[in-house]
Amino acid sequence: MNFLAHIYLSDDNDHIKIGNFMADGIRGKNFDTFPVDIQKGIALHRAIDTYTDAHPIFRESTKKLHSRYHHYAGVIVDIFYDHFLAKNWTVYSNENLEEYIQQFYQSLKDNKPLLTERTIGMMPYMIKQNWLSSYQTVDGIKNILTQMDRRTKNESKMRFATEELREFYTEFEKEFTLFFEDLRAHVKAQLNA
């Protein structure tokens with residue numbers, strides 16, 4: 001669900017962004033029916049996830065959450081890291097965040113025939129509630145986590161995770177900053193390969 005980071009890391013190619021955005025809903029290795037750049041986006045998403053899950057800084061962030069949220073700790077940290085990307089957007093991009101987000105939403109609409117059913121179903125809610133923009137605030141993160149918690153029938157308790165975000169805010173932000181530099185370098189190498 002850390003959509004903003006995946007979109008941002010896709011460079012300026014709309015189809016790679018879309019593939020990267022949709023990838024969580026695409027299972028297995030049989031995605032060769034999509035256009036080549038969407039396939040690249042799907043592969044990039046998986047490479048990002050693999051790299052992230054194994055990274056020691058990311059793991060350090062999840063340790064603060066593991067006892068309370070168990071296997072959801074990684075999902076929560078993904079969302080926290082999107083918060084820090086949105087909050088510090090001007091460090092990473094010269095584009096206005098809201099314009100960047102609106103351009104991505106428009107790209108989804110323009111490329112609707114290429115989208116999965118799951119993405120088409122989610123799109124109206126995402127755009128209407130402006131999920132990507134809501135990552136900028138802790139209250140926005142709480143809303144996202146509450147929606148995600150509902151999908152687990154409130155078993156994950158993710159709706160409470162902003163308590164830890166507030167408690168360890170400075171630590172999470174430092175960890176994100178260090179991790180994201182490593183991730184950006186890794187993705188750049190992937191895209192150039």
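**Reading contacts, charges and backbone angles**

Guide: Start with Glu173. Setting aside neighbours within four places in sequence, Glu173 is in contact with Phe84, Lys87 and Asn88. Contact means heavy atoms within 4.5 Å.

Visitor: What kind of model is this, and how are residues numbered?

Guide: This is a predicted model: local features need pLDDT of at least 70, side-chain atom pairs count only at pLDDT 80 or more, and totals for chains, interfaces and linings use all residues. Residues are numbered from 1 along each chain as its sequence is written, and side-chain values use heavy atoms, with hydrogens and water left out.

Visitor: Where does Glu173 sit? Is Glu173 buried or exposed?

Guide: Glu173 is in helix α12, residues 169-192. Helices (H or I, at least four residues) and strands (E, at least two) are DSSP runs, numbered from the N terminus. Buried means under 20% relative accessible area, exposed over 50%, and partly exposed in between (1.4 Å probe, protein chains only). Glu173 has 18% relative accessibility, so Glu173 counts as buried. Now take Thr170, also in helix α12. At 51%, Thr170 counts as exposed.

Visitor: How do I read a salt bridge?

Guide: Side chains of opposite charge can pair when their charged atoms come close. Here the cut-off is a side-chain nitrogen of Lys or Arg within 4 Å of a carboxyl oxygen of Asp or Glu.

Visitor: How many salt bridges does the structure hold?

Guide: The structure holds 10. Among them is the pair of Lys64 and Glu171, whose closest N and O atoms are 3.9 Å apart. Lys64 is in helix α4 and Glu171 in helix α12, so the pair ties together parts 107 residues apart in sequence.

Visitor: Which other residue forms a salt bridge with Lys64?

Guide: Glu175 does, with the closest N and O atoms 2.7 Å apart. Lys64 in helix α4 and Glu175 in helix α12 are 111 residues apart, so this pair also links distant parts of the chain. Lys64, Glu171 and Glu175 are linked in a network of salt bridges.

Visitor: How accessible are the members of that network?

Guide: Lys64 counts as buried, at 18%. Glu175 counts as buried too, at 11%. Glu171 is partly exposed, at 39%.

Visitor: What pairs with Arg159 in a salt bridge?

Guide: Asp149 does, at 2.3 Å from N to O. Asp149 lies in helix α10 and Arg159 in the loop between α10 and α11, so the pair ties together parts 10 residues apart in sequence. Helix α10 spans 138-151 and helix α11 spans 162-167. Asp149 is buried, at 0% relative accessible area. Arg159 counts as partly exposed, at 22%.

Visitor: What else is in contact with Arg159?

Guide: Leave aside neighbours within four places in sequence. Then Arg159 is in contact with Lys142, Leu145, Thr146, Asp149 and Asn154.

Visitor: How do I read a positive phi?

Guide: Most residues other than glycine have a negative phi, and most peptide bonds are trans. His70 is not a glycine, yet has a positive phi of about 55°.

Visitor: Where is His70?

Guide: His70 lies in the loop between α4 (56-69) and α5 (73-87). At 46% relative accessibility, His70 counts as partly exposed. Lys157 is another case: not a glycine, with a positive phi of about 65°. Lys157 is in the loop between α10 and α11. Lys157 is partly exposed, at 35%.

Visitor: What makes a patch?

Guide: Patches are made of residues with over 30% relative accessible area and no salt bridge; like charges are joined within 9 Å, and nonpolar side chains (Val, Leu, Ile, Met, Phe, Trp, Tyr) within 5 Å. Lys and Arg count as positive and Asp and Glu as negative, while His and the chain ends are not counted. A charge is placed at NZ of Lys, CZ of Arg, CG of Asp or CD of Glu. Accessible areas come from the Shrake-Rupley method with a 1.4 Å probe, and for residues only the protein chains shown count as cover.

Visitor: Which residues form the negative surface patch?

Guide: Asp11, Asp12, Asp14, Glu95, Glu98, Glu99 and Asp110 form it. Helix α7, residues 97-110, gives the largest share of the negative patch, three residues. Asp14 lies in helix α2, residues 14-22. Asp14 is partly exposed, with 37% relative accessible area.
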